[in-house]
Structure formats: structure tokens, C-alpha cells
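Grab a viewer and work through a few exercises with me. Try each one yourself before you read the solution.

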Amino acid sequence: MLNKVLIANRGEIALRVLRACKELGISTVAVHSTADNAAMHVRLADESVCIGPPPARDSYLNIPQILAACEISGADAVHPGYGFLSENARFAEICEAHNVTFIGPTAEHIRQMGDKIEAKRTAERLGIPVVPGSPGAVTDDSEALRIARDIGFPVLIKAASGGGGRGMKVAETERDLSMALATARAEAGAAFGDDSVYIEKYLATPRHIEIQVFGDGAGNAIHLGERDCSLQRRHQKVWEEARSPALDDAQRQRIGEICANAMAQMKYRGAGTIEFLYENGEFYFIEMNTRLQVEHPVTEAITGLDLVHEQIRVASGQGLSRTQSEITFSGHAIECRINAEDPRTFVPSPGTISYYHAPGGLGVRVDSGVYQGYAIPPFYDSLIGKLIVHGRTRQECMMRLRRALDEIIVDGVKTTLPLFQDLIENPDIQAGNYDIHWLEHYLKERASL
Ligand code: ADP
């Protein structure tokens, strides 16, 4: 077992990891920037180390400082959370080189899945269904045209080093293609320092469905079912649920088994998420995230498994706590991401929380690092908490969510809570009838009223 874990993150996820460590009797070390002196993860950890000034590149992304904090505190492992260094293969390598266990996959797997083209090739080789498209980067416009004609318009140009939906352009027809290629390349070059792009068939009305997987690094792997994260704004997930209202048990089992088999073949270690677009009964791989996801609690709610405990077990070499046949799915769960943003314009709203009340009761979970009097710093992303609700059925879950949304109070800053209060009354949402464009359309329509 690990003795002392340094949590290389902040906010709700730092707290989430800290809770799991405490339960397992593992000491915790928080790291923080000077902007986070009063953060809850710093208060609750056994020890804390200040690793630099507010900008993330000088603190939460500062590898030498984080390694120094490990050395000072005697931490024998690092949990990277999500974002920041969680998918940085170099960081994973450096940790291992300093005899600090990186709680996550091998650097090799992070690298392989971090390159979108390589990831797609790997997925295909492992028997995972992928979106039809170019076999690799396209450099030549006439080759691009040939491929696009082959798969059929509309097509999507994507950046090989992409992330967060940047560097993506749709070409509706042949005439748009060279312009779309040029714009995507320019955007990708500016954002990622790599202008290579590839082509995919553009799916018009898919859902975003992802499979949670876990491997022990020795060839055993399981899946924990799917999450439906179709409700997105600017490619950022807003509301996530498990199970997906669009899948039946047979489909769930089929895609889950494909993913678990693929992870077993590659000897994947730790938590991972295989993301798909789902349209007309077909799954199309888009990418794999080699870390814990923001939305992991919905999976925890329906499986009863603590994913961070599981990550720590695997990192300690104790293997998985369950076999596939021991995993059961129970009820329905929904997560709402609460951002400190204007609920109509989505402009960030940092500031001091003057009053805070968290909802409670059966089936209600709040993962958040905020408290009354907490000043949300302007330097980081605007996620201030997650409300996760579980019920025996989707209907019961929605009923409980409505009640919890009525109960929660966050005063002093603007939050996206009113958006969820609107969504829950919407007939499409109530029916589970939405695709990845639904929320954008809804917001556009609402703005024009
Ligand atoms: P990123 O790494 O930039 O987030 P992804 O490949 O995960 O890129 O895609 C981000 C989002 O873009 C997806 O969640 C989906 O909404 C949309 N998208 C990606 N590929 C396609 C596609 N082939 N057709 C339609 N939409 C797509």
C-alpha cells in the first residue's frame, strides 16, 4: 500500500482524492499556488506545500516544484486528478524516475492515447469501432479531397494534437474543403504548435457516450458501463448521466465488452474512458482519456464502486477489487457541473461566496471545495462543484434533482444553477431525447427570445 500521496491538483477533485486517501488510511499532501492558500483541500490535507504563484504554469503545471514538494514531504505517490498534469506522459515518467508512484497509466499509454491519430489506429487495432476517416494526417489538399469524397460530405477536419474542440472545422461540401483545411491547420498550429490535421466523417446528430474502463496493468480489465455526456456547450460537458437514455442492456454489454477486451489486450493500467459518438445504433470511437474524469461520480453512483480507491489499489499493485461478473448496475444517476459563470452569457464570475448551503438527503452528493466566505480566484477554470443525484429510476433521479436544485444556495457569485433548473423542466430533457447539438440549439433559441 502507498503511505503518503501528494495530490497535484486543486478544487473539488483535490478534495475527492483526499477523501479516498483518508478512508484508506493514507497520509495526504496538498500542493497549492499562492492564490489557493485558503482552499479547502489545503485545510483538510495532513500537510501542504506552496508550489508557486497563481498562474498554473508556475504552480500546478510546474513539474520541478511538484517533485520538490514530494521530496520535502516524503510522498511516495502522486495523484494528478484531471486536467493539469494528468495526461502529461513526461510528468508520469519523471515521477517514476524519482521513485514516486504515478497514480495512473504508464507514460507509454498516456503518450499513445494523447496523439489522436495514434489513438485511433490503436483503437482500430484493438477491435474498437472508429469513425470512418483518413488513416493518418493529411498534408495534401488533393489527397484530402479524395478521402473526403470517399467517406462522403460533410466531413470534419480535426487537429492531431487537438483538445477542447479547438482546431475543428466542418466542410459541408467540396467547395468548403480547402478553406476548412487551411483554417483548421492555422488554428491547430497556433493552439498546439502542431498543424497536422486529419479527416473524419461528420456525424450530424450523434450522442456522446463514453465507457469507463479499468485495468490492472497485467492483462485484466473491466468496464463499468457508460455515461451519456451529450449535453455540451462549446464541447464542454454540462450534464452527464448513467445510464444513457439511448442504450439498452444488450448494447451496453456489447460495447462494454469490446472496450474491456481492448484494455486487457493492451495491458492498460488504472482508470480510463473510451469516448464514442453514437448514432443510429453504431458506436464511433473519438478518443480515450487516460485519467479519472470529472463525471466519474455518476458511475460510482450506479456501481457502488469508489473509483479513486480502485486507482490507488491498482497503483499499489493490488489489482482490481472486482471481476466483471461482480459489477452490477443499479438505478440512474445525473451530474450537473456547477460553474461560477453567468447562466446566460457564461462569462466567468469569480468573487466571494457570501452564503453557501449544500443540499443533502438520500441519493444526493455534492463534490465541491467551496464554503461560505470562500473567494473564487480568477486564475483557474470556473467549475466550483458538482451535484450528483441517484435514484432507482431516471424519473426518481430527476425528481430528486429538482428538489436538490431547489435546496442548494450559492450567493455572492453568479452560477450556472438556473440553467439546470430550466433544463429539468424541458420536455426533451425529461424524455432523455437529446444529441450533442441539443444544448447549443436550446441556448441559441433562448438567447433570441
Ligand atoms: P477534443 O479532443 O478537441 O475534445 P474530440 O475528438 O473529443 O476533440 O471531439 C470533441 C467533440 O467534437 C465531440 O464531443 C463531438 O461533440 C464533436 N465531434 C468530434 N468528432 C466528430 C465527428 N466525427 N462528427 C461530429 N462531431 C464530432
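A word on conventions before the start. This is a predicted model, where local features need pLDDT of at least 70, side-chain atom pairs count only at pLDDT 80 or more, and totals for chains, interfaces and linings use all residues. Residues are numbered from 1 along each chain as its sequence is written, and side-chain values use heavy atoms, with hydrogens and water left out.

**Exercise 1.** Work out which residues come nearest to the ligand and which elements supply the shell around it.

*Solution.* Begin with the shell, taking a residue as near if one of its heavy atoms lies within 4 Å. There are 21 residues around the ligand, and K116, K158, G165, K201 and E287 come nearest. E200 puts a polar side-chain atom 3.0 Å from a ligand nitrogen, while L203 uses a backbone N or O atom, 2.9 Å from a nitrogen of the ligand. E287 has a side-chain N or O atom 2.9 Å from a ligand oxygen. Now the elements, which are DSSP runs numbered from the N terminus (helices H or I, at least four residues; strands E, at least two). Two or more shell residues come from each of strand 6 (155-159), strand 8 (197-201), strand 12 (269-279) and strand 13 (282-289).

**Exercise 2.** Is S59 buried or exposed, and what does its side chain reach?

*Solution.* First place it: S59 sits in the loop between strand 3 (47-52) and helix 3 (63-73). Then check the cover: S59 is buried, at 0% relative accessible area; buried means under 20%, with a 1.4 Å probe and protein chains only. Its side chain reaches the backbone oxygen of P53 at 3.1 Å. Finally, list contacts (heavy atoms within 4.5 Å): beyond four places in sequence, the partners of S59 include S33, I51, I66 and Y380.

**Exercise 3.** Find which residues touch the most other members of the largest nonpolar core.

*Solution.* A nonpolar core joins buried Ala, Val, Leu, Ile, Met, Phe, Trp, Tyr and Cys residues through side-chain atoms within 4.5 Å. The largest one has 39 residues, and W239, L401 and L423 touch the most other members. Helix 12 (394-407) is among the elements giving two or more residues, and its five are the largest share of this core. Zoom in on L401: leaving out residues up to four places away, L401 touches W239, I334, C336, L387, V389 and I424. Apart from this core lies another, of 29 residues, with V5, V17, Y82 and L305 among them.

How values were computed:
A polar contact is a pair of N or O atoms within 3.5 Å; within protein, one must be able to donate a hydrogen and the other to accept it, and residues adjacent in sequence count only if both atoms are side-chain atoms. Buried means under 20% relative accessible area, exposed over 50%, partly exposed in between (1.4 Å probe, protein chains only).
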